[in-house]
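Student: Could you show me how to read a model like this one, feature by feature? I would like the general idea and then the case at hand.

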Amino acid sequence: MTKSYELLDSGDLSKLEIVGGYKLHRSSPTSAYGKETPEIWNDLHAHYIKNDSGSGHWNFQKKVPESFTIEFSKLTFKIKLTPFGHIGLFPEQETNWNRIREIGKKKQGLEVLNLFAYSGGSTLACLDAGMSVCHVDASKGMVDWARENAKLSGLDSKPVRWIVDDVMKFIRREIKRGKKYQGLILDPPSFGRGSKGEVWKIEENLSELMDALMELSDSKPEFVILSCHSQGFSPLTLERILSSRIKTKGNYQTSELFIPEKSGKKYPAGFCTFFSK
């Protein structure tokens, strides 16, 4: 498969991408620096303009389908230009998907819990690596989107549970049921709401969540991928959140997430700590 995604440039709180052949200009709060190649920021298909309420709208300059598919990282994704500026793909996670595949080569049949799972990139990578997955997101629309991605990628017959629920409520029920997982994946938002309006704030709820996840893995998981995009949760902070709870020796790989640009520079896209035995 060839990539159908390319980050052309970023800067001035924006990023310029080619997605499935469509040239998109999206807002980007992390790119508070000058553009590398300002002369290419023209001839757009669509420009996402964000408003003060956190939503926004797309200004279409050329025709773009309501949805289309692309191949990326040996997987197939449905792309939609949503009112919130998301498109259903997070290329910065490709490094983690490759890590998952490497684990799958050594250990088959691991049971993995993927939380705040959105459109399912990590779920697909786990299924592709021979793992079984419990995919949890509070949005039914996003779970349906992830299921469609699994079907498009030829992975819909693999062992996966699709769960629409508040993350904490679901975990508490899993603890009562005595369920155990060997792999844990989570990319918690700074703020969010559960399926019935439950409020999530990362600075208030992440510690409780991590403690509960340790119960589900006996504090000895085979691997954990913890990433986020929240100020105050640096790579070192994420590593200490894990290392203070995991009761087994292993390897920690802690870094910034990034997307390579056409110029060779790196676009900053969050933080991550990866633990593996």
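Tutor: We will go through strands, helices and cores in turn. This is a predicted model, where local features need pLDDT of at least 70, side-chain atom pairs count only at pLDDT 80 or more, and totals for chains, interfaces and linings use all residues. Residues are numbered from 1 along each chain as its sequence is written, and side-chain values use heavy atoms, leaving out hydrogens and water.

Student: Which strands does β2 pair with, and how many bridges are there?

Tutor: Helices (H or I, at least four residues) and strands (E, at least two) are DSSP runs, numbered from the N terminus. Two strands pair if DSSP finds at least two bridges between them. Here β1 (residues 5-11) runs antiparallel to β2 with 6 bridges, and β2 is likewise joined by 6 bridges to the antiparallel β3 (residues 22-27).

Student: What happens in the two hairpins?

Tutor: The hairpin of β1 and β2 has 2 residues between the strands, and D12 takes a positive phi near 55° there. In the hairpin of β2 and β3, also with 2 residues between the strands, G20 has a positive phi near 60°.

Student: Is β2 mostly covered or mostly open?

Tutor: Buried means under 20% relative accessible area, exposed over 50%, and partly exposed in between, with a 1.4 Å probe and protein chains only. In strand β2 (residues 14-19), 5 of the 6 residues are buried, so to speak "mostly covered".

Student: How should I read helix α3?

Tutor: Start with its length: the expected span is 1.5 Å times one less than the number of residues. For the 13 residues of α3 (residues 140-152) that gives 18 Å, in agreement with the 18 Å between its end C-alpha atoms. Next look at burial: M142, V143, W145, A146, N149 and A150 are buried. They cover an arc of only 155° around the axis, which puts them on the same side of α3; the arc is that of the directions from the helix axis to the C-beta atoms. K140 and K151, on the other side, are exposed. The cover over the buried residues includes β7 (75-80), α2, β9 (132-137) and β10 (160-164). After α3 comes G154, with a positive phi near 70°.

Student: Which residues of α4 are buried, and what do they pack against?

Tutor: In α4 (residues 167-176), V167, M168, F170, I171 and E174 are buried. Their arc, seen down the axis, is within 160°, so they line one face of the helix. They pack against β8 (111-115), β9, β10 and α5 (202-217). At the N-terminal end, D166 caps α4, with a side-chain oxygen 3.3 Å from the backbone nitrogen of M168.

Student: And the cores?

Tutor: In soluble globular proteins, nonpolar side chains tend to be buried together. A nonpolar core is a set of buried Ala, Val, Leu, Ile, Met, Phe, Trp, Tyr and Cys residues joined through side-chain atoms within 4.5 Å. The largest one has 45 residues, of which I70, F77, L89, I100, M131 and F223 touch the most other members. Apart from it lies another core of 30 residues, including V167 and L216.

Student: Where does S122 lie, and what is it in contact with?

Tutor: S122 lies in helix α2 (residues 121-128) and is buried at 11% relative accessible area. Contact means heavy atoms within 4.5 Å; leaving aside neighbours within four places in sequence, S122 is in contact with W97, I100, N114 and I185. The C-alpha atoms of S122 and I185 are 7.8 Å apart, although 63 residues separate them along the chain.

Conventions: Polar contact = N/O pair within 3.5 Å; in protein donor to acceptor, adjacent residues only side chain to side chain.
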